[in-house]
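Please consider the following model with its sequence at hand. The paragraphs below lead from the overall fold to helix packing, charged pairs, the surface and the loops.

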Amino acid sequence: MTTYLRRLHYALAMGRPRTAKGRGRVVVERLAEQYPPITIPLDHASPFQLLAAVILSAQCTDARVNQVTPALFARFPDASSLSQADPREVEALIHSTGFFRAKAASLIGMALAVVERFEGFDVLRCTLARR
């Protein structure tokens with residue numbers, strides 16, 4: 001059977017929605033079958049914490065990151081507190097993740113950017129809430 005005939009047979013068997021909304025619904029259903037929902041293995045309570053955990057996960061296991069982040073987030077729960085952190089204190093908290101000096105600098109830089117650009121406001125949370 002040629003490719004054209006296979007496609008025609010599939011289209012006839014499935015039935016084709018006539019409206020754009022109907023076709024969109026079919027596309028969403030097919031994508032949901034192909035790509036099931038994922039679970040994020042990094043423990044986090046906010047988008048800010050997820051971003052920090054992702055930075056820590058470079059060249060490190062998720063299990064190790066999940067061991068380190070509770071102490072980090074207890075000490076620095078938000079962008080404003082992390083942006084004012086002493087790099088040596090952050091380095092001590094994340095030492096076991098490897099590349100701790102670079103990661104500490106990245107974490108503090110990310111926190112500074114969030115504070116400067118968004119005045120510490122959790123833009124990610126608002127973006128996710130609108131969906």
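Are H3 and H7 roughly parallel or roughly antiparallel to each other? Helix H3 (residues 47-56) packs against H7 at an angle of about 155°, and their axes are 9 Å apart. H3 and H7 are therefore roughly antiparallel to each other; angles under 35 degrees count as roughly parallel, over 145 as roughly antiparallel, 65 to 115 as roughly perpendicular and the rest as oblique. Axes here are lines fitted to C-alpha atoms, for helices over the stretch in contact, and angles run from 0 to 180 degrees between N-to-C directions.

The model is predicted: local features need pLDDT of at least 70 and side-chain atom pairs count only at pLDDT 80 or more, while totals for chains, interfaces and linings use all residues. Residues are numbered from 1 along each chain as its sequence is written, and side-chain values use heavy atoms, with hydrogens and water left out.

The protein chain contains eight helices and zero strands, and its pattern along the sequence is α-α-α-α-α-α-α-α. Helices (H or I, at least four residues) and strands (E, at least two) are DSSP runs, numbered from the N terminus. Of the 131 residues in the protein chain, 26% are buried; buried means under 20% relative accessible area, exposed over 50%, and partly exposed in between (1.4 Å probe, protein chains only).

Charged pairs come next. Side chains of opposite charge can pair when their charged atoms come close. The whole structure holds two salt bridges, each defined as a side-chain nitrogen of Lys or Arg within 4 Å of a carboxyl oxygen of Asp or Glu. In one, the side chains of Glu89 and Arg75 meet at 2.6 Å, N to O. Glu89 lies in helix H6 and Arg75 in helix H4 (residues 62-75), so the pair ties together parts that are 14 residues apart in sequence. Glu89 is partly exposed at 29% relative accessibility, and Arg75 is partly exposed at 42%.

Arg88 forms a salt bridge with Asp86, with the closest N and O atoms 3.6 Å apart. Arg88 is exposed at 63% relative accessibility, whereas Asp86 is partly exposed at 33%. Arg101, in helix H7, is exposed at 57%. The C-alpha atoms of Arg101 and Arg88 are 8.3 Å apart in space, while the two residues are 13 apart in sequence.

Val27, Leu31 and Tyr35 form a nonpolar patch on the surface with about 320 Å² of accessible area together. Val27 belongs to helix H2 (residues 20-34) and is partly exposed at 45% relative accessibility. Patches are made of residues with over 30% relative accessible area and no salt bridge, with like charges joined within 9 Å and nonpolar side chains (Val, Leu, Ile, Met, Phe, Trp, Tyr) within 5 Å. Accessible areas come from the Shrake-Rupley method with a 1.4 Å probe; for residues, only the protein chains shown count as cover.

Gln59, in the loop between H3 and H4, has a positive phi of about 55° although it is not a glycine. Phe99, in the loop between H6 and H7, has a positive phi near 50° and is likewise a residue other than glycine. Gln59 is exposed at 68% relative accessibility, and Phe99 is exposed at 57%.
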